[in-house]
4 protein chains.
Amino acid sequence: MDYQALIEEVYKEVQNENPRGKVADYIPELAHVDGNQFGIALVDLEGNVFGVGDYQTPFSIQSVSKVHTLTMVFHVFKSKLWSRVNVEPSGNPFNSIAQLEYEKGIPRNPFINAGALVITDALCSKFDRPFHQISDFINELSGHQCVLMNPEVKQSEQNHAERNTALAYFLKAYKNFENKVEDVLDVYFSQCAIEMSCTDLAKSFSFLANDGYSIFANREIVSESHARRINALMLTCGFYDESGEFAFRVGLPGKSGVGGGIAAVMPHKFSIAVWCPELNEKGNSVKSIKALELLTDKLKFSLF
Amino acid sequence: MDYQALIEEVYKEVQNENPRGKVADYIPELAHVDGNQFGIALVDLEGNVFGVGDYQTPFSIQSVSKVHTLTMVFHVFKSKLWSRVNVEPSGNPFNSIAQLEYEKGIPRNPFINAGALVITDALCSKFDRPFHQISDFINELSGHQCVLMNPEVKQSEQNHAERNTALAYFLKAYKNFENKVEDVLDVYFSQCAIEMSCTDLAKSFSFLANDGYSIFANREIVSESHARRINALMLTCGFYDESGEFAFRVGLPGKSGVGGGIAAVMPHKFSIAVWCPELNEKGNSVKSIKALELLTDKLKFSLF
Amino acid sequence: MDYQALIEEVYKEVQNENPRGKVADYIPELAHVDGNQFGIALVDLEGNVFGVGDYQTPFSIQSVSKVHTLTMVFHVFKSKLWSRVNVEPSGNPFNSIAQLEYEKGIPRNPFINAGALVITDALCSKFDRPFHQISDFINELSGHQCVLMNPEVKQSEQNHAERNTALAYFLKAYKNFENKVEDVLDVYFSQCAIEMSCTDLAKSFSFLANDGYSIFANREIVSESHARRINALMLTCGFYDESGEFAFRVGLPGKSGVGGGIAAVMPHKFSIAVWCPELNEKGNSVKSIKALELLTDKLKFSLF
Amino acid sequence: MDYQALIEEVYKEVQNENPRGKVADYIPELAHVDGNQFGIALVDLEGNVFGVGDYQTPFSIQSVSKVHTLTMVFHVFKSKLWSRVNVEPSGNPFNSIAQLEYEKGIPRNPFINAGALVITDALCSKFDRPFHQISDFINELSGHQCVLMNPEVKQSEQNHAERNTALAYFLKAYKNFENKVEDVLDVYFSQCAIEMSCTDLAKSFSFLANDGYSIFANREIVSESHARRINALMLTCGFYDESGEFAFRVGLPGKSGVGGGIAAVMPHKFSIAVWCPELNEKGNSVKSIKALELLTDKLKFSLF
């Protein structure tokens, strides 16, 4: 398979069609990003990198980081985690608090905001310097020092933190939150403010295409069985209330962020990261989704 | 791969552990079924059948038939269908009406009751003798005359039809239901009352493991792209509000019915049907889920 | 108190301000009504009638009839009724089905559609010719033969009955509906299609201002204690999800209908009916509410 | 009317029947209160006090204080307030956050927790030393220095503040909260920790029975029209999701607190405070409700 030719073809078709959306504007720092940027990086199982467009430009990975933190905690806690977070698709917007009330403080899954806060809280309970350890972990997965945290983005998120703060206190009311709210939010906003290129992001997801083994870290990150479960979670819950649509149209496990990035994997073939800042109304990148849909159409295979 | 040895091993382990549930009791005819029955049939891409336990005993396939009717309509209507039914997981019980109100008469997906009623309604608009054509279609997929409709089960469902009738009228209130309510319900209850063995059910799902081509019908049933989309829908929505859990633990696209049957596929490998009448509280067969979980663990692969 | 002068003053002020709404259009027969009609009739405890504007013109009383049917059943069943219907305000639109699901088939109160259907169902269980007996009862309350049922309006409602049919079947699914759905709906649509003038409607509510005794029927209709409870229900639940607003601005127990009529009482003083077909977005008559608000302001008293 | 004989009769009947509930246990300080205490104080329009049982014992007034703070803000802000808080009954538990999400940050009414927080926030915007001014106001209404704030109760509430903190941040996310969360909560928990006797509480509600004029403060507290509106709000929203039931059974405007106190008024007759710490499952005092029901039955009148 000539992956370089494939992603170039996909890139061109998307640029020709040029579907547009709206750059995230809930924080000023994200609203300033140039919406015309677009890049694709694909990493095969041997570690070869194929790239096109702005694939080397770092961008704000935002919620894509929730896969990294889940992986760190998944590895450590195993089954205990699942008494605190469920694994069902939400069908509601990512920051909904109503569902959390109906389900008595147990978030639907680790990728909606409430669930990701529980994951970061668990991580804060187990690690001394949690954000350093998140950075170290992602650097290891990517094979080199690549993680940068943008302090302006973090500050901007902290200035608009009311809703996440409400979620955290609500979790605390249900005894599903162990640490100080401000401490966990500090780590949470730091992880969301991480900037990486498509190349490094695709590398950091490579272990999920490879039964849990990272060719860049040169070690098993999680067991084959855990890798499968993380992929299943991404497929059913990775795109908020558009997860069904993404599975239907694309058919790959993946995770999106409001920075416009999507990381996805085709198990036993490749990992891939696509980035374009303009989002649809569900908060997912318009061009990135289009690119992945074209890719699986051209490959004539997906997960299914 | 020695599939016969594999399913026998799985069968034995499940029987040794012997996890129990509760036979569906919402209609008397289903409540009378012997809960000890348990069978597995696996069909590979060449059409070889492997079976163990009660795999030749016909049982009430119930909601598994929703995959067959969706396939019939998917083929005919293509994109028009998706203005009437969504493709998102529900996160609510299968017969919920609240979500239908919040989403203005568009069911979440074709496998919850409201969505399946829209599918059967669409089918009634296009076919003259809809239930005959459903039977013919399933017979063709299974390679021989195997479909029987149990009139006592159908009558029993009709005697307890209030909730489905309410759903149908509610859809009609939103102009998302074209035919007479009683006509569509008659077809709907007939399809739910179909009885088939694990063998025939697995055969009838074989095309979904084979990019849309049925070795038994000897023709392409749906395009490769449609087969992938039906599989995606089964993965995200096939098990009601336990779909995430099934994807997480098992990782195969599948569909369950309250008769205790589950049909599933491993694309490009096999289709499989498992049956045991005792259900968990979500309405899915306890032993059937356990068997499929063991199967993918032993195979060391799933979709992911 | 010179009631005639009072209601004339109110009438003039409302006409000068001339607030407008939109005639109900969910059924064609109601949509054709002239929106400029406006009348007020007040009946004091001695039975004197004071009127202004179109107070002698019959109009479709619609949901105002729910007070009459509740009274008929209240009298007969006493406490048993309250295991089937609750007495809490709904806070949801009058035809919502979601709440009915969350509360397992027990309608919030007797004035939302689901609750009114339970009342009419109970009435069908107890009376042989339920609509005749409803007519007789209202005629008695008004002191003469005044009730007419408009068959075109009834037919029009039956042609758009999907949502009420869904509610009825849903109630049946929860075993909270005893009779045939079509039989009860027939009575229900008949009672909604009753036409009466403001004068007769105000007379028919007079017993609620008079501790349960009707000066027109010349007998105690319900006990003093029951009259108080019916008034309490009207105050908390009589105006759908605008009940709080009406209590806040007007402060009288009352019941509105989508025909634009409102009947209300000031206990120990008078009953009153106001009618103008143009509705606000909650389905309550704009001018009728305005008139009642001015009235209690001018009187310098309300319930409170 | 011999009010002393009346409340003594009511007191005896309630004690004979002796219905029991459960002392509030969400904070330790309230859980320690002796559940056997029970008192009634009635204040007529001339300012005469009638009392029985533990009517002179101070108790934690909790949410009853929300009527005092609403009155302070009602007077100052008039119509502007109602863009920030609605006046509809909630039909949900007092501390629900789901409804707040569905209604985009506008609380249903000023008596559920979210609405009361908005009121206290508005109060913090207008007054320099808000809790002092609350105390002064209530002292004035009661005719002497009677307000004491229990610091252990306040501290206990602050130690279990997660849910109210979540509500406050959630309101802030919708721009419906002006001051610092901790500052407003400090005032809020102080007002909830106020202790008063039935006598003083009944006195402090006297102006609501008297068209807004307080005989103890010797001045008009609010206009006659505002007094009517506050009474209407208490009737439709004063007892959480049991407001309809209370209106139905008792028929007086009132407000309950989890300390077991209820203050109510019969306009143009009297104000009354009843206290017994044991609550029903909705959080309202069992004996206090029973006493008020007997009272209106014996009087043969209520609001209606």
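Hi everyone, let's start with a pair of strands: in chain A, β9 and β10 (residues 261–266) run antiparallel and are joined over 3 bridges. Pairing here means that DSSP finds at least two bridges between two strands. Within this pair, A:Lys255 sits opposite A:Ala263 of β10(A). On element names, helices (H or I, at least four residues) and strands (E, at least two) are DSSP runs, numbered from the N terminus.

Before I go on, some housekeeping. This is a predicted model, where local features need pLDDT of at least 70 and side-chain atom pairs count only at pLDDT 80 or more, while totals for chains, interfaces and linings use all residues. Residues are numbered from 1 along each chain as its sequence is written, chains are lettered from A and ligands numbered from 1 in the order in which they are written, and side-chain values use heavy atoms, with hydrogens and water left out.

Back to the sheet. That pair belongs to an open sheet of 5 strands in chain A, in the order β3-β2-β11-β10-β9, with antiparallel pairing. The edges are held by β3 (49–53) and β9 (254–256) of chain A; each has a single partner strand, so one side of each has no neighbour in the sheet. From one strand to the next, the twist averages 10 degrees. Helix α14 (residues 286–299) of chain A packs on this sheet, where it touches β2 (39–44), β10 and β11 (270–275), and its direction makes about 145 degrees with that of β11(A). Those angles run from 0 to 180 degrees between N-to-C directions, with axes as lines fitted to C-alpha atoms, for helices over the stretch in contact. Contact, by the way, means heavy atoms within 4.5 Å.

What does chain D show? There, too, an open sheet of 5 strands has the order β3-β2-β11-β10-β9, with antiparallel pairing. β9(D) pairs with β10 (residues 261–266) of chain D in the antiparallel sense over 3 bridges, and D:Lys255 has D:Ala263 as its bridge partner in β10(D). α14(D) packs on the sheet as well, touching β2 (39–44), β10 and β11 (270–275) of chain D.

Now for the interfaces, beginning with chains D and C. Each side is listed separately: 34 residues come from chain D and 34 residues from chain C. The size of an interface is often given as the accessible area lost when the parts come together. Between chain D and chain C about 2900 Å² is buried, with carbon and sulfur atoms giving 57% of it; that area uses a 1.4 Å probe and is summed over both parts.

On the chain D side, the elements giving two or more residues are α12 (224–237), α13 (243–249) and α14 (286–299). Of these, α12(D) gives the most, with 8 residues.

Next, chains C and B. Here 15 residues from chain C meet 15 residues from chain B, and about 1400 Å² is buried, 65% of it on carbon and sulfur atoms. The salt bridges across it number 2, including B:Glu101 with C:Arg163, whose closest N and O atoms are 2.4 Å apart. On the side of chain C that touches chain B, α4 (98–102) and α8 (162–173) of chain C each give two or more residues. The largest share, 8 residues, comes from α8(C).

Finally, how are the copies arranged? The superposition is by least squares on the C-alpha atoms of residues with pLDDT of at least 70 in both. Chain D goes onto chain C by a rotation of 180 degrees and 0.0 Å of shift, RMSD 0.0 Å. For chains C and B, 100% of the interface residues of chain C are also interface residues in chain B, so the copies meet through the same surface. Chain A and chain C have no contact, with their closest C-alpha atoms 11 Å apart, and chains B and D do not touch, their nearest C-alpha atoms being 11 Å apart.

How values were computed
Buried area is the accessible area (1.4 Å probe) that two parts lose on being put together, summed over both. A salt bridge is a side-chain nitrogen of Lys or Arg within 4 Å of a carboxyl oxygen of Asp or Glu.
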